[in-house]
Amino acid sequence: MKTGKDIEQLLLRRLQGIATDTENQQIEQWAAKATQNRATLTRLESEETLREDLNTLLFLVDTEAGIVRLQRMDDRIRQSIARRSRRWLNRWLPYVAAMIIASTTVAWLFFEILPSNKPRAIVHAGNIQPGGNRATLTLTDGRTITLDETQHGIIFGDKNISYTDGSRLLDQQEFAPTSDPNPPSVVLTTPRGGTYQIVLQDGTQIWLNASSSLRYPTVFSDRERIVEITGEGYFAVAKDANRPFKVVSRGQTINVLSTEFNVSAYPDEYETKTTLVEGKVQICFDNAPNNHPHAPFTLRPGQQGIVGISSVQIEQVDVNQYTAWKDGYFYFNGDSPQEAFAQLGRWYDIEVVYRNDLRTVEFYGKIERNKSLGSFLSILEKAGLEFEVMPKGRGFQLIVGTE
């Protein structure tokens, strides 16, 4: 006679697609014995029903109370299966099996609710919190100041640097001694999992995304305003017809007068993307020996310039997709898994590893960046991807795909 545990395992193997012919026959024999059994099997094989059960589970799983509750439910159900009659089992099996299958789908969210052939230090992804206001300011003498995480940004004035709430950070003599013959430069750097804002001396506003840096002079010259960026930043440039504003990034220089645009130039990505929100910009290329083979080009609002190693593309895009990060959102509009996980890795400061080739899927939707990693992954998982979050050194590793 098959026990509740036997049936549970057979159903799990069937839904995983690994049940043998003999096991499938055993399942069919069990289902034929009672109407409730057949209803249970039908429920488990219905993708729509499983999705509803999974959504309920995901709603619970992103809270500490929910995790405790699910673990308590799992323990009680398993204990009851061992001591109750088959009649009781038939009544509860839909919930038992649905919970087990959903737990398998989101195994990375649990502290090993299901047994495994090899031990894994699975991390509850809901405990991994999103990034925040984190940055450092490196002065010309090499000193590095860790900026206040309760503040959104800094304002670079004529006589001091202050936080956005008006509290003083540094006086002029501390960051730009008057004895310097040339205006020195300072560097604002955000780590993985950090963003910060800055208002420059001319009134230009810049938002820095995670894992980025901005080098800028303590005083702009009378002829031009030049800054350098690595990573991603959003620029709202103050108008000054007598002093063009230039943004130097990997392989290109953006010439502007008054405009708003986003530039993404991460070292680990092959392309530099400049997205124009309003105004007009011209993109020129470096005069290095391996000079880019294309001539400068101009962008208009709603256009994005994509500069590769030896190629240039100009596309009409939804600018909100590329600027939503500064307003606290992820915005996916047909993004590939690699593109989505690149943003994920930088914001949650985790290493992303792929076990195998990912399914060909596209991600759509607007998601708040203040959610835990578990909430984020629960949304992406609906596309059919599987994850595990494992500890690695002092951080975490997100493993995508199945073994």
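Buried residues have under 20% relative accessible area and exposed residues over 50%, with partly exposed residues in between (1.4 Å probe, protein chains only). The model is predicted: local features need pLDDT of at least 70, side-chain atom pairs count only at pLDDT 80 or more, and totals for chains, interfaces and linings use all residues. Residues are numbered from 1 along each chain as its sequence is written, and side-chain values use heavy atoms, with hydrogens and water left out.

**View 1. Salt bridge between Asp240 and Arg243.** A salt bridge places a side-chain nitrogen of Lys or Arg within 4 Å of a carboxyl oxygen of Asp or Glu; twelve are counted by this rule. The closest N and O atoms of Asp240 and Arg243 are 2.9 Å apart. Both Asp240 and Arg243 are buried.

**View 2. Salt bridge between Arg134 and Glu149.** The N to O distance is 3.9 Å. Arg134 lies in the loop between strands E1 (132–133) and E2 (136–138), and Glu149 in the loop between strands E3 (144–146) and E4 (153–156), so the pair ties together parts that are 15 residues apart in sequence. Helices (H or I, at least four residues) and strands (E, at least two) are DSSP runs, numbered from the N terminus. Arg134 is partly exposed, at 29% relative accessibility.

**View 3. Leu147 in the largest nonpolar core.** Such a core is a set of buried Ala, Val, Leu, Ile, Met, Phe, Trp, Tyr and Cys residues joined through side-chain atoms within 4.5 Å. Among its 38 residues, Leu137, Leu147, Ile154, Tyr216 and Phe235 touch the most other members. With neighbours within four places in sequence set aside, the contacts of Leu147 (heavy atoms within 4.5 Å) include Leu137, Ile154, Tyr163 and Leu188. Another core, of 23 residues, lies apart from this one and includes Ala210, Phe341, Ile350 and Ile367.

**View 4. An open sheet of three strands, in the order E21-E24-E23.** Pairing in the sheet is mixed; two strands pair if DSSP finds at least two bridges between them. Strands E21 (351–354) and E23 (387–392) stand at the edges with a single partner strand each, so one side of each is left without a neighbour in the sheet. E21 pairs with E24 (residues 395–400) in the parallel sense over four bridges, and Val353 stands opposite Ile399 in E24.

**View 5. Helix H10 (residues 373–380).** Seven of its eight residues are buried, so H10 is largely enclosed by the rest of the structure. The buried residues include Leu373, Phe376, Leu377 and Leu380.
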